[in-house]
Protein chains: 2
Amino acid sequence: MRNKLNIGLFGFGVVGSGLYEVLNQSQLLDARITKIVVKDPSKKRSIPSDNFSFDGTEILDNNEINVVVELINDSSAAYEIVKKALQNGKHVVSANKKLIAEHLSELIELASENSVSFLYEAAVGGSIPIIRNLEEYYNNDSLSSIQGIVNGTTNYILTQSNDGIAYNEALKKAQELGFAEADPTLDVDGFDSKFKLVLLIKHAFGLTIDPKDLFNYGIRNIKPNDVAFAGEKGYRIKLFSRAEKLNDKVVGLVAPHFVSQDHFAYQVNNEFNAVVVEAVFSDKQLFIGKGAGSYPTASAVLSDISALQFDYKYEYKKTRKEDQLKFTEDFFLKVYIGSSFIEAINEIPFYRIDEVYQSENYNYQTGWVKFSEVSKFNLNHRPELSLIVLPEPFKSVKEFNAVRSESRHFVVEY
Amino acid sequence: MRNKLNIGLFGFGVVGSGLYEVLNQSQLLDARITKIVVKDPSKKRSIPSDNFSFDGTEILDNNEINVVVELINDSSAAYEIVKKALQNGKHVVSANKKLIAEHLSELIELASENSVSFLYEAAVGGSIPIIRNLEEYYNNDSLSSIQGIVNGTTNYILTQSNDGIAYNEALKKAQELGFAEADPTLDVDGFDSKFKLVLLIKHAFGLTIDPKDLFNYGIRNIKPNDVAFAGEKGYRIKLFSRAEKLNDKVVGLVAPHFVSQDHFAYQVNNEFNAVVVEAVFSDKQLFIGKGAGSYPTASAVLSDISALQFDYKYEYKKTRKEDQLKFTEDFFLKVYIGSSFIEAINEIPFYRIDEVYQSENYNYQTGWVKFSEVSKFNLNHRPELSLIVLPEPFKSVKEFNAVRSESRHFVVEY
């Protein structure tokens, strides 16, 4: 009853070559890589050169190949490959979150029109089967929130920071270890986490969000004073991709968060990824696995290939029409803003101030801000201040106004 | 495309009544409980008495009902209900691990003959979707090991013990909190963990093991001296349901284990459950969720019901013929044996001794034993000694003999 899979592979880096080994040198699956297309003909590789081609059409126009596995870095080239493969009636397995997040609706539609599967478990959370669980196990409206550490690079750097190592030094170490790219922008400014959040929101809540409409603020500006604040309060700093239902709306963001010792994420360090899912009835479930690296990615790709043997498809059961469940930035959250400059802190409109600290070189303020106002600041490019979300539940405008009027704290009028 | 589900519910305890609330008082699923059968007509309940019946045939012989959810304690009565329901062509959702483990082959066959689904996610790991993940995501032979804390009661007691509270006191506290039964045997002697391991082994490796053939040794005999030993070495004690591939065989057991700080399970305390899955390529993945209690169970039952809307069935893709992958007790493992009596320790045949400690009131010995010999001792009824597995990989007979001959430790000849 299993489908025989003839795979065309794009890319032969660590993931691709490991995958080749498992598929072609073991009996694990009835699936073989029959053609590999790579970019650079001159590179020395672990298997004989006659396995390789440099012309994509040798896979894309080959009728014997029914599965395309795309593992290349260049997301524009990957987009063309994936599109063409789906159009030509081939199943596609991809790990390229940027490509998928930016073209999600189009690619889902193409797969559906051509009656093929488009699977991308490896694009989010490394070896953690989070897309599959959201799709299959949490396949109804019971899900209330999802919160993930889905970028191994930044989690590694933050773990170093929490241990007292300065950001630049930690970044250098991550680069030496191969966890971070020479240009780390996609990781450290939260873009990678955002692309993954787009996929999580799609499978958790059925909403398709354009990455451009989703706020991403990374860890570049976190300073020793912010880490010291965390230490004093018993917190650690984690970069979360987070989305949840707030009454009848969905909210979501990528931003650094303080987490206390009783939070699941507190112990998730170094290159590990973790996702916490909360649903009606079930309290919280935590999934942990290795995020960065070739093995976790290869393992997720392998599981997708394995699922193709049984005709597995994402069904997007939760997909919403525009008028059903809406995404909003209109909510309140409690944050910490740290800076050497009081003026920088004062630029951020607070609706309630809980704590103020001022000294010659370091100031901070905690309290409640409106997300739609804060998200307008280009915070990745404001090195003089750091914003970190405090461990308080988000509040809808209505909830916040109700609490605010009872408050004995500073209340700021605008 | 979704099936309309008319549910007959057996049992109306905390799980059943919570389930009723979610299904009948919300629009979450297109599923309604149309009949509830309970045992005790005199009990006061949260909904009007005309919802209840005391005659099982009102569900089992009712053609309008297509799903039976069985949530009663009595596993013999539950067995009759489940069997009859499957025979009458109804899908069944059950949380009763004892019943399922003891009659697994028969019930799977009945479900298949009658073309209905038999789902039991709630029977293992509370709210953790572990059966579903083993079935769907790890749906090939890549899985190498599974290790779980799947009994919330014993994990709660062990957490207390690790904090210095004596076993009897910890048990009393667990009973007061409703985590442990008046007769705690099923939990503390590892039977509950064993029934769950039977299900894990079935879905992980495709083997059906009679619970009688699976070793279960619980936590009843763990003494303050054993806990002190753990503390000195930086370990905590956890009760594991554990199975893994050892070359071409499968091994499995329920026994207390020492875990070191870098082990995933070290931080899994109180009533939490956790399962670590290891597969080719993917390193380890950890699933954590609440184990004991009504909400986790109800959430898993809800997910099974939700899956029935889409005709979900376990496919048992990995199910083995007798001659393919065999279960064995022939392997070696490293253990600690503690006792007040040296004679008791000397009864256990060691093949290699690593450490010996002797004093007036407490003695221990660590080293390698053959599992098939140790499993013959009825350890739950040997209060004078405690056996705890040390953190070393299991070794096949061949591997052990190779290492043993090179060893500079005490080698014991038998």
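I'll go through the contact between chains A and B, and then a sheet in chain B. Keep in mind that this is a predicted model.

The interface comes first. On it, 35 residues of chain A are in contact with 35 residues of chain B. On the chain A side, the elements giving two or more residues are helix H1 (14-24), helix H6 (130-137), strand S11 (283-290) and helix H12 (294-308). H12(A) gives the most, with eight residues. By residue type, the chain A side divides into 17 nonpolar, 13 polar and five charged.

Strand S11(A) pairs with strand S11 of chain B, residues 283-290, in the antiparallel sense, over five bridges. Within that pairing, A:Gly289 stands opposite B:Gln285.

The other is H12(A). Of its 15 residues, 13 are buried, so the helix is mostly covered. As for its length, 15 residues at 1.5 Å a residue should span 21 Å, and the end C-alpha atoms of H12(A) are 21 Å apart, which agrees.

Now the sheet in chain B. Six strands form an open sheet, and the order is S3-S2-S1-S4-S5-S6, with parallel pairing. Which strands sit at the edges? They are S3 (52-53) and S6 (118-119) of chain B, each pairing on one side only.

At the S3 end, strand S2 of chain B, residues 31-37, pairs with S3(B) over two bridges in the parallel sense. There, B:Ile36 stands opposite B:Phe52. Helix H1 of chain B, residues 14-24, packs on this sheet and touches strands S1 (5-10) and S2 of chain B. The direction of H1(B) makes about 145° with that of S2(B).

Technical notes
Residues are numbered from 1 along each chain as its sequence is written. Chains are lettered from A and ligands numbered from 1 in the order in which they are written. This is a predicted model: local features need pLDDT of at least 70, side-chain atom pairs count only at pLDDT 80 or more; totals for chains, interfaces and linings use all residues. Two residues are in contact if their C-beta atoms, placed from the backbone, lie within 7 Å. Helices (H or I, at least four residues) and strands (E, at least two) are DSSP runs, numbered from the N terminus. Ala, Val, Leu, Ile, Met, Phe, Trp, Tyr, Cys and Pro count as nonpolar, Asp, Glu, Lys and Arg as charged, and the others, Gly among them, as polar. Two strands pair if DSSP finds at least two bridges between them. The expected span of a helix is 1.5 Å times one less than its number of residues. A residue is buried if 20 or more other C-beta atoms lie within 10 Å of its own, exposed if 12 or fewer, and partly exposed in between; C-beta atoms are placed from the backbone. Axes are lines fitted to C-alpha atoms, for helices over the stretch in contact, and angles run from 0 to 180 degrees between N-to-C directions.
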